[in-house]
Every structure is written in structure tokens, then in C-alpha cells.
Amino acid sequence: MKLFASMIVVLSLMSGAFASPGAHGPNGEHLDGQANTGPAGSVPRVETFTEMFELAGQLSGGELSVMIDRYETNEPVLNGTLEVQYKDLKALAKFHADMGDYAIDDEKLLKELSKPGKHALLFTFVAGEESDLLEGTLEVPSSGTSSATSSAMHEHQHTSYWTWAALAALAAGAVFALVFFLRRRARKVTS
């Protein structure tokens, strides 16, 4: 019985490991292509990458906050210079050393980016001797779309949890059946 209890504990711990994200990006992995982030939640986001850098930003709190990492190592790139362009509007980001992000708070630009729709952005990033252009799309949902999408996301999270719980229960049942079968077989052999 101790073996069975140990197996249950191990399987319970392992189920979380299978669901955990990897090392890069918001979902723990590199993006497969130039990502256009849809309204995955209530906060509009933009994600993109090149061979050198990956960029993730979100529009909230009166600013467009952007994090930049090296694509290969996921190491944050700090103290660079970041400029964002949307149509004919350009703004220079301020680097926040305490947060490690680049913040754009230009009122005209933010007013345009806050409107519902897809906004194609061009980021110019310079860090020391390196420079790169990154293109991404910020998608701002209309208020009706946001709650529907948020509800769908909430439902997906429950589905994912119950899927993992069911798999863990099936694995525990299989271990229990195996232990039961082996013990029964061992009793028959010794009899």
C-alpha cells in the first residue's frame, strides 16, 4: 500500500511538470512565426522576433510597456534605445531600470493605439553596436469582443485543468491496477 501511495504522489507532482511552459516567450516557447497577438485577455499585446531579438509588449496603465530579450538565450537586453512607429507617428521609449522594460507614453501615439482594431507597429531597437527592426501587430479588441474572448479563455483554462486532472486520474488508476495485478500474481506463485 505504501508503494501505491508513493506512486500517487509522484504522478500528482509529474502532472504539473507536463503542463509547465518552457523557457521562452509568454507561453514558454519561441513563437513559430511573426506573432500577431489577438485579444487573448483584457490587455492588448504585441509579440514579435527576429534572429537577434524577441519583443513582447502590452498596452496598459497609460503606456505601451515593452520587454526585449535576445532570441537565442532569452537574456534581457537592457539600456538600449527603442523607437516605435505607427503610421506617421513615432515615439522614443524610456528605459525603466527598475522594471527592465521600455515604456512609450506619448499621448498622441497611445490615443491611436487605444482604438479598436489591428495596429501594425515598427520597432527600431539599438543596443550598443547592434540594431534591429522588429515588426508586430497590436490588436485592440472592441469592448464586446474583449469580454467574449476573456470568457473563452477562462473556459479554456478550466478545460486544460480538467484534462490534466483526468489524465492524472487515469495514470493513477493504471498504476493501481498494475500493483494489484502484480501482488495477486505474486500470491499465486507463492501458494
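Visitor: Over which residues does pLDDT stay under 50, and how many contacts does the model have there?

Guide: pLDDT is the predictor's confidence in each residue, from 0 to 100. Here it stays under 50 over residues 15-40, and the model has 43 contacts (heavy atoms within 4.5 Å) for them beyond four places in sequence. Residues 145-159 are also below 50, with seven contacts beyond near neighbours in sequence. The protein chain averages 77, and 65% of the residues score at least 70. This is a predicted model, so local features need pLDDT of at least 70 and side-chain atom pairs 80 or more, while totals for chains, interfaces and linings use all residues. Residues are numbered from 1 along each chain as its sequence is written, and side-chain values use heavy atoms, with hydrogens and water left out.

Visitor: Which residues of the largest nonpolar core touch the most other members?

Guide: In soluble globular proteins, nonpolar side chains tend to be buried together. A nonpolar core is a set of buried Ala, Val, Leu, Ile, Met, Phe, Trp, Tyr and Cys residues joined through side-chain atoms within 4.5 Å. Buried means under 20% relative accessible area, exposed over 50%, partly exposed in between (1.4 Å probe, protein chains only). Here the largest core has 25 residues, and L64, V66, I68, L82, I104, F123 and F125 touch the most other members. Strand 9 (117-127) gives the largest share, four residues. Helices (H or I, at least four residues) and strands (E, at least two) are DSSP runs, numbered from the N terminus.

Visitor: Which strands pair with strand 8?

Guide: Two strands pair if DSSP finds at least two bridges between them. Strand 4 and strand 8 run antiparallel, joined by three bridges, with L64 partnered by I104. Strand 7 (residues 94-96) also pairs with strand 8 in the antiparallel sense, over three bridges, and F95 stands opposite Y102.

Visitor: How do I read the aromatic pairs of Y102?

Guide: A pair of aromatic rings is described by the distance of the centres and the angle of the planes. Rings of Phe, Tyr and Trp (its six-membered ring) pair if their centres lie within 6.5 Å; planes under 30 degrees apart count as stacked, over 60 as edge-to-face and the rest as tilted. F95 and Y102 are tilted, at 5.0 Å and 50 degrees. Y102 and F125 are edge-to-face, at 5.6 Å and 85 degrees. Y102 lies in strand 8 and F125 in strand 9, so this pair ties together parts 23 residues apart in sequence.

Visitor: Is F95 buried or partly exposed?

Guide: F95 is partly exposed, at 23% relative accessible area, whereas Y102 is buried at 0%.
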